[in-house]
Amino acid sequence: MKETKLGMSFKKDDKFGEWYSEVIVNSEMIEYYDISGCYILRPWVMEIWELMKEFFEAEIKKLKLKPYYFPLFITEDVLQKEKDHVEGFAPEVAWVTKSGKSDLEAPIAVRPTSETAMYPYFSKWIRSHRDLPWKCNQWCNIIRWEFSSPTPFIRSREFLWQEGHTAFATKEEADEEVLHILELYRGIYEEFLAVPVFKGRKSEMEKFADGLYTTSVEAFVPNTGRGIQGATSHCLGQNFAKMFDIRFEDEKGKRSFVWQNSWAYTTRSIGVMVMAHGDDKGIVLPPRVAPIQVIVIHVPFRDADTVAISGACESAVYTLNQAGMRADLDARDNYSPGWKYSHWEMKGIPLRIEIGPRDLANKQVHIVRRDNGAKADIPSTDLVEHVRTLLDEIQDSLFEAAKQKRDACIEVIHTWDEFTAALNEKKLILAPWCDEEEVEKDVKARTKGDLGAAKTLCTPFDQPDLPEGTVCFASGKPAKTWSFWGRSY
């Protein structure tokens, strides 16, 4: 069988957009579909999503969230009920207007998010303080009909997500949960995907439509100089409770509106990971989300004892799997070892083990790291200990490398001229700000261009010192906070 050509046509640092489009296809993560903005998620990416889901599902079960599934369709009357909320999503809502050749009596929306689908039923189910806290979660697909440059994982018309919806008797309980969930999202990015993020609060202009406030984890892509919202945890306050009449009776018989939260992360997270770690050989997977952490390849030579080599490979895979690692054997005999090396490098496998006649004779394995190409010979008897250590090192190394690249892009500025210079240099800008919506609108208007306007990414919880007398970089008014600014996806 003729071997197919492997490798990348584009280099990450030269043509990032083309590189990204190519690498996610060549690594067998997605395939393009015949509807723009929709993509086939192949097993490699679905297995990554399942590993993330497994972690998060276990964490929210500790919080006693119950699984639900609400229908994909929402009636126009219900969607329009929360005016400010639907206006925030209006341009992205897809509508079903026909059944066969017949027009529907009324158009039906395809969910862009599920608040308006769920909350009419919360008002039916929540009656007493004994029903609180109310906690539900669903894993589902979402449709948002993006019209501006769909990008796989990052901005697509259909994507997968988890969405949690909760209701409490008090604001204090809601506030506490918002931050607890945000910390879980930080863990997904930093401890699983090895992508550094900032935790912070969104501006009034950027918060969830008609919510009380929005918190988020924010990542940054150095190659493009763009921020990217990683996940959000919203406190909805009582706005939706008042609109959908979600009330409870307390111990004294008084009826009050509940306090609500909603929070979600999506398959966008996988795209952020690819952008952060991928290189000119393919994607690079952090071990904690790699479906296969170790690939074992036998390296036969002429007159070598192929049966013994194959046995050693099978033994290595079995030993690693028994020790709780995810290992597999590439025993295909219609591809050369060199082709297999390139294939698995493209797919981002953290570690490759090669076993040939010399390794067999010396009772060792030859091991190669995907992240930095480092090679070593390891005694077969010490295989489990060495591999486990290497996987931990790779996980930490990927995070530290990504953090160093991101931190090198941070530019602290104080004036408008410094701001525009940093923006043109694709920096992640930290600036003193008066925290006024009109000023943010003005910044957007003044920076509008082919590359997109600048906006606040978040006001980080970890605030640098703000000396008295510091003024806003854009308005000259007294600064109230430090905020991250930049262009975003």
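These entries record what I looked up in a predicted model.

**Conventions.** I treated the structure as a predicted model, in which local features need pLDDT of at least 70, side-chain atom pairs count only at pLDDT 80 or more, and totals for chains, interfaces and linings use all residues. Residues are numbered from 1 along each chain as its sequence is written, and side-chain values use heavy atoms, with hydrogens and water left out.

**Aromatic pairs.** I searched the whole structure and found 30 aromatic pairs. Rings of Phe, Tyr and Trp (its six-membered ring) pair if their centres lie within 6.5 Å; planes under 30 degrees apart count as stacked, over 60 as edge-to-face and the rest as tilted.

I looked up Tyr-119 and Phe-244, which form an edge-to-face pair, 6.3 Å centre to centre with 75° between the planes. Tyr-119 lies in helix α5 (residues 115-125) and Phe-244 in helix α7 (residues 239-244), so this pair ties together parts that are 125 residues apart in sequence. Helices (H or I, at least four residues) and strands (E, at least two) are DSSP runs, numbered from the N terminus. Both Tyr-119 and Phe-244 are buried; buried means under 20% relative accessible area, exposed over 50%, and partly exposed in between (1.4 Å probe, protein chains only).

I then turned to Trp-139 and Tyr-265, whose ring centres are 6.2 Å apart and whose planes stand at 90°, so this pair is edge-to-face. Trp-139 in strand β7 (residues 134-143) and Tyr-265 in strand β14 (residues 259-266) are 126 residues apart, and their pair links distant parts of the chain. Trp-139 counts as buried at 18% relative accessibility, and Tyr-265 is buried at 1%.

I noted one aromatic cluster whose members include Tyr-68, Phe-70, Tyr-119, Trp-134 and Phe-244.

**Charges over rings.** A charge sits over a ring if NZ of Lys or CZ of Arg is within 6 Å of the ring centre and within 35 degrees of the ring normal. I found the charged end of Arg-288 over the ring of Phe-192, 4.0 Å from its centre. Arg-352 lies over the face of Tyr-341, 4.1 Å from the ring centre.

**Backbone.** I recorded a cis peptide bond from Leu-132 to Pro-133, with omega near -5°. Pro-133 lies in the loop between α5 and β7.

I also checked Asp-245, a residue other than glycine with a positive phi, near 55°. Asp-245 is in the loop between α7 and β12 (247-249) and counts as partly exposed at 36% relative accessibility. Lys-363 also has a positive phi, near 55°. Lys-363 is placed in the loop between α11 (357-361) and β18 (364-369), and it is exposed, with a relative accessible area of 65%.
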